[in-house]
Amino acid sequence: MGGNPRRIDETAVGNRYGEWFSRGLRGIGMRYVFSRRGLWVINTPYRHILNAANITAEDRVLDLGCGIGNILIALAERIGFSHPPAGVDVSPDLIRIGEREIARAAMHDRIRLQVAPATHLPFEDGSFDVVLTSHVLKHLDDEALLTSFREVVRVLRPGGRFLLWEFEKSARSALLFWSARVSGLPPAFQLRTMAEFSRALQLAGFHRVVRVDTGIFLMPPVPRVALLATR
Ligand SMILES: C[S@@+](CC[C@H](N)C(=O)[O-])C[C@H]1O[C@@H](n2cnc3c(N)ncnc32)[C@H](O)[C@@H]1O
């Protein structure tokens, strides 16, 4: 995949996110852009994409690399879940900020966040019906991507759904590298094509992988790839 043998240190990426969100004016900007209120900026068509997973109130949902809980808060606003949805992120700082965001939305008993890397999920086999991940997988090297997909297979029940979206490797993605430099987006990252994601999902054990229409993203205006995989 990607032809890039580079190793990415998961903990170091999480620490970089912590610094990025904590410092000065840029930190204020990032805390807005990645919050529930800022979803329209970098996750403009998130509702449209989420529709593909057909999430219901009975579903046990996990958001992998949940950041400060934006998508889970937006979901819990619309759906009265019978089991509180869960979020994990490798950055302790982002989980701390996420807890504040959840309290601010008066949802402390309705969403559960915890620190964990995508490659070691702290859940029992078959604990979830749906796993989501948005804009996270570029931070995983090929080995970690496969390990993480196998972890998702493990924590999903048979027939469970995995909805992912991420920047796509394409000629038009050059703008991402420019925007990353300007915004300070934590390195390192590795982009992939839809075919590369599909192959890794199938290798990890997903039975069915279908493309999901992403709609249009405002910032940065770089193509995304979205896939729905069924265990
Ligand atoms: C660009 S943010 C996306 C946050 C949120 N999912 C969204 O779409 O707004 C990427 C997130 O992935 C997390 N992350 C990066 N590498 C990770 C890993 N190996 N395991 C878990 N989380 C990771 C970062 O800490 C950060 O919160």
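Guide: Residues are numbered from 1 along each chain as its sequence is written. This is a predicted model, in which local features need pLDDT of at least 70 and side-chain atom pairs count only at pLDDT 80 or more, while totals for chains, interfaces and linings use all residues.

Visitor: What makes a residue buried, exposed or partly exposed?

Guide: A residue is buried if 20 or more other C-beta atoms, placed from the backbone, lie within 10 Å of its own, exposed if 12 or fewer do, and partly exposed in between. In the protein, buried residues make up 41% of the 231 residues.

Visitor: How many bridges join β1 to β4?

Guide: Strands are DSSP runs of E with at least two residues, helices are runs of H or I with at least four, and both are numbered from the N terminus. Two strands pair if DSSP finds at least two bridges between them. Here strand β1 (residues 61–64) runs parallel to β4 and is joined to it by 3 bridges, with D63 standing opposite L132 in β4.

Visitor: Which residue in β5 is the bridge partner of T133?

Guide: The partner of T133 is L164 in β5, and β4 pairs with strand β5 (residues 156–167) in the parallel sense over 6 bridges.
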